[in-house]
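The exercises that follow ask you to read a structure step by step, and each task comes with a worked solution.

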Amino acid sequence: MTEYENLLLEAEGNNLITKEKPLQAHKGRIVGNRIAIKKDLTEVEKKCIMAEELGHYYTGCGDILDQSSVANRKQERYGRVHAYNRLVGLIGLIDVYKHHCESLYDAAEHLHVSEDFLAESISYYRSKYGVCTTVDNYVVYFEPHIGVLELK
């Protein structure tokens with residue numbers, strides 16, 4: 001079973017109905033107990049969008065399409081952060097280091113996420129943690145570029 005299929009099963013277990021549709025304006029959307037995923041995306045992109053829509057389900061409330069509202073932008077961010085932490089996370093960045101991934105493409109392939117999603121998650125972690133942060137026995141650097149240092 002693929003990771004995307006596991007997310008679909010999770011949604012089903014939460015009484016959410018998921019359909020793939022030819023969406024025009026968005027890649028995904030959740031309204032009430034219904035999730036729509038743009039059908040012409042790759043499976044990896046669908047997985048990233050589905051994780052975000054589940055993030056909106058777990059963290060959000062109501063219709064947040066009007067992004068001119070500060071409250072709606074915060075809710076949008078909560079859903080995305082949920083997806084970043086679920087599919088990438090700091091441990092994922094350390095795992096990428098351990099597997100000697102040398103490019104954004106390699107890292108995204110290893111984590112089974114899109115390059116855009118990975119770049120956005122790294123940007124989020126940079127804004128949250130600044131130059132670096134420590135996790136277990138590792139320092140994850142975000143400035144001047146992404147890097148991991150294992151502490152001995």
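A residue is called buried when its relative accessible area is under 20%, exposed when that area is over 50%, and partly exposed in between. By this scale E10, at 22% relative accessibility, counts as partly exposed. Keep in mind throughout that the model is a predicted one.

**Exercise 1. Find the salt bridge that E10 makes, and work out which parts of the chain are tied together by it.**

Step 1. A salt bridge requires a side-chain nitrogen of Lys or Arg within 4 Å of a carboxyl oxygen of Asp or Glu. The side chain of E10 meets that of R86, with 2.2 Å from N to O, and the pair forms a salt bridge.

Step 2. Because E10 belongs to helix 1 (residues 3-13) and R86 to helix 3 (residues 70-87), the pair ties together parts that are 76 residues apart in sequence.

Step 3. R86 has a relative accessible area of 36%, which makes this residue partly exposed, and E10 is partly exposed as well, at 22%.

Step 4. This pair is a salt bridge, and the structure holds five salt bridges.

**Exercise 2. Decide whether K46 is buried or exposed, and name the residue whose side chain meets that of K46 in a salt bridge.**

Step 1. The relative accessible area of K46 is 11%, and K46 is therefore buried, given that the cut-off for buried is under 20%.

Step 2. The partner is E20, and the two side chains meet in a salt bridge at 2.7 Å, N to O.

Step 3. Since K46 lies in helix 2 (residues 43-59) and E20 in strand 1 (residues 17-21), the bridge ties together parts that are 26 residues apart in sequence.

Step 4. E20, for its part, counts as partly exposed at 37% relative accessibility.

**Exercise 3. Describe what E143 does with its side chain and with the peptide bond that leads on to P144.**

Step 1. The side chain of E143 meets that of R126 in a salt bridge, with 3.2 Å from N to O.

Step 2. This pair links distant parts of the chain, 17 residues apart, with R126 in helix 6 (residues 115-129) and E143 in the loop between strand 5 (138-141) and strand 6 (147-150).

Step 3. R126 is partly exposed, with a relative accessible area of 29%, and E143 is partly exposed, with 34%.

Step 4. Most peptide bonds are trans. The bond from E143 to P144, however, is cis, with omega near -5°, and P144 lies in the loop between strand 5 and strand 6.

**Exercise 4. List the buried residues of helix 1 and work out how they are placed around its axis.**

Step 1. The buried residues of helix 1 are Y4, L7 and A11.

Step 2. An α-helix has 3.6 residues a turn, so residues three or four places apart point the same way.

Step 3. On the other side of helix 1, E12 and G13 are exposed.

**Exercise 5. Describe the second largest pocket and the elements that supply its lining.**

Step 1. The volume of the second largest pocket is about 280 Å³, and of the 15 residues that line this pocket, V96, C101, A107, I146 and G147 are the closest to its centre.

Step 2. At least two residues of the lining come from each of helix 4 (89-98), helix 5 (104-111), helix 6 and strand 6.

Step 3. Helix 4 gives the largest share of the lining, three residues.

Technical notes. Residues are numbered from 1 along each chain as its sequence is written. This is a predicted model: local features need pLDDT of at least 70, side-chain atom pairs count only at pLDDT 80 or more; totals for chains, interfaces and linings use all residues. Side-chain values use heavy atoms; hydrogens and water are left out. Helices (H or I, at least four residues) and strands (E, at least two) are DSSP runs, numbered from the N terminus. Buried means under 20% relative accessible area, exposed over 50%, partly exposed in between (1.4 Å probe, protein chains only). The arc is that of the directions from the helix axis to the C-beta atoms. On a 1 Å grid over the protein atoms alone, a cavity is a set of points where a 1.4 Å probe fits but cannot get out, and a pocket is an open set with protein on both sides within 12 Å along at least five of seven lines; lining residues have an atom within 4 Å of a point. Grid points are joined across faces, edges and corners, and a volume is the space filled by probe spheres set on the points.
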